[in-house]
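Welcome, and thanks for taking a look at this protein with us. Please have the sequence and the 3D view open side by side as you read.

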Amino acid sequence: MPQAAILVSAPYFTADELARIEDVGEVVYAGTPDERAALSEEARMGVRAIANKGHKTLDGAQMDLFPNLEIISQFGVGYDAIDVAAASARGITVTNTPDVLNEDVADLALAMMLAWSREIVRGDGWVRDGTWGKGKDLPLNRKMSGAPVGIAGMGRIGRAIADRCAGFGMPVHYTSRSAKDTPEGWTYHGEDVVALAEAVDWLVVAVVGGENTKGYLSREAIRALGPRGVVINIARGTCIDEDALIEALDAGDIAGAGLDVFYNEPHVNPRLIALPNVLLQPHQASSTVETRRDMSMLQCANLTAYFAGAPLPSPVN
Ligand code: 8YV
């Protein structure tokens, strides 16, 4: 393996994930920007790779701390926290971990839909706290099967969600930059998210995060969803106009939301937390043992391939 040091630039790696990175090369641990700035010049000069994870910004100034940096290997399909243009301008390769998490992310989207519609969380509470035992029945909740669903962003994750929804007999509508090869009967709405919202009860946000999709689910689209509308977000908090969402949820302009991602994670807007019609999850869509192992292996495969001069499994730039 190269003399190069791999900078581990996030505090969130598990012991197994760190061990895999250590198998690739010598590791320098500096989980926070402050720790990186405090590294000796010698240590910084030795860094040729960054193994990154999480959603903290990695910008040009951070990259400039490491003059010999050649590759940033992101743990995650999303790389919105990395300034890829700044990396490209410095000749730095960026890789990510696509595909291996599609199934889990789609599973969590459906889990939130089912949990929201059938009030699974409240039901569990009623059994545990004796409310049900005292003879009180959970109020009737809402049927999900057969209801129209909109997928905003028919990429690989969007498709995995749509396939699952189709299995629940839900008519599928979608937006995307181009029409996709889909089963018969799925409706393409171009990039018109308002038209998508008008056509469905459930709207799942599955677009790529980043500058281009800030506020993608706009105030107008949220309003177009109507009083039976439920928003599900497994993409990024930034993809929804969060203020507009909170106002619509509070006013009953839409029925509810299931959210796995937020602005400014892990600090969730208290106004969202106070709303009873929202199901909240701690950004856990890819968090299964199996998928996190595969993401970790792909992160390391990118590093290994890079240092071997082999084709990269999943380059970004
Ligand atoms: C993880 C994710 O939370 O893949 C992504 O883009 O957002 C999630 O799978 C992340 O990669 C690890 O923090």
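Below is a short tour of the domains, the helix packing and some individual residues.

Please keep in mind that this is a predicted model. The protein chain is divided into two parts: domain 1 covers 5–100 + 289–308, and domain 2 covers 102–280.

- Domain 1 is assigned from two stretches of the chain, 5–100 and 289–308, while domain 2 is given as 102–280.
- Taken over C-alpha atoms, the centres of domain 1 and domain 2 are 32 Å apart.
- Where the domains meet, nine residues of domain 1 are in contact with eight residues of domain 2.

**Helix H1 with helix H13**

- Helix H1 (residues 15–24) and helix H13 (residues 289–308) have axes that come within 10 Å and cross at roughly 15°.
- Because angles under 35 degrees count as roughly parallel, H1 is described as roughly parallel to H13.
- The crossing of H1 and H13 is right-handed.
- From H1, the residues that take part are Glu-17, Arg-20, Ile-21 and Val-24, and they meet Arg-292, Arg-293, Ser-296, Met-297, Gln-299, Cys-300, Leu-303 and Thr-304 of H13.
- By residue class, the contact of H1 with H13 holds five nonpolar, three polar and four charged residues.

**Helix H6 with helix H8**

- Helix H6 (residues 102–118) packs with helix H8 (residues 156–167) at an angle of about 50°, and their axes are 8 Å apart.
- H6 and H8 are therefore oblique to each other.
- This pair, H6 and H8, has a right-handed crossing.
- On the H6 side the contact is made by Asn-102, Glu-103, Val-105, Ala-106, Asp-107, Ala-109, Leu-110 and Met-113, and on the H8 side by Arg-156, Ile-157, Ala-160, Ile-161, Arg-164 and Cys-165.
- The contact of H6 with H8 is made up of nine nonpolar residues, one polar residue and four charged residues.

**Helix H11 and its cover**

- In helix H11 (residues 242–251), the buried residues are Glu-242, Ala-244, Leu-245, Ile-246, Ala-248 and Leu-249.
- Among the elements that cover these buried residues of H11 are helix H10 (219–225), helix H12 (270–273), and strands S10 (230–233), S11 (256–259) and S12 (278–280).

- Tyr-174 belongs to strand S7 (residues 172–175), and with a relative accessible area of 1% Tyr-174 is buried.
- Setting aside residues up to four places away in sequence, Tyr-174 touches Ile-151, Met-154, Ala-179, Lys-180, Thr-182, Trp-186, Thr-187, Tyr-188, His-189, Gly-190 and Leu-196.
- Although Tyr-174 and Gly-150 are 24 residues apart along the chain, their C-alpha atoms are separated by 5.2 Å.
- Thr-213 sits in the loop between strand S9 (202–205) and H10, and Thr-213 counts as buried at 12% relative accessibility.
- Leaving aside neighbours within four places in sequence, Thr-213 is in contact with Val-207, Val-208, Thr-238 and Cys-239.
- Gly-123 is part of helix H7 (residues 120–128), and because buried means under 20% relative accessible area, Gly-123 counts as buried at 17%.
- Gly-123 and Met-112 are 11 residues apart in sequence, and their C-alpha atoms are 14 Å apart in space.

**Backbone details in the loops**

- The loop between S11 and H12 holds Asn-264 and also Pro-266.
- Asn-264 has a positive phi of about 55° although it is not a glycine, and Asn-264 is exposed, with a relative accessible area of 58%.
- The peptide bond from Glu-265 to Pro-266 is cis, with omega near 0°.
- In the loop between S12 and H13 you will find His-283, which has a positive phi of about 40° although it is not a glycine.
- His-283 is partly exposed, with a relative accessible area of 21%.

Methods
Residues are numbered from 1 along each chain as its sequence is written. This is a predicted model: local features need pLDDT of at least 70, side-chain atom pairs count only at pLDDT 80 or more; totals for chains, interfaces and linings use all residues. Side-chain values use heavy atoms; hydrogens and water are left out. Helices (H or I, at least four residues) and strands (E, at least two) are DSSP runs, numbered from the N terminus. Buried means under 20% relative accessible area, exposed over 50%, partly exposed in between (1.4 Å probe, protein chains only). Axes are lines fitted to C-alpha atoms, for helices over the stretch in contact, and angles run from 0 to 180 degrees between N-to-C directions. Angles under 35 degrees count as roughly parallel, over 145 as roughly antiparallel, 65 to 115 as roughly perpendicular and the rest as oblique. A crossing is left-handed if the near helix is turned anticlockwise from the far one by less than a right angle, and right-handed if clockwise. Contact means heavy atoms within 4.5 Å. Ala, Val, Leu, Ile, Met, Phe, Trp, Tyr, Cys and Pro count as nonpolar, Asp, Glu, Lys and Arg as charged, and the others, Gly among them, as polar. Domain bounds come from an automatic or database domain assignment.
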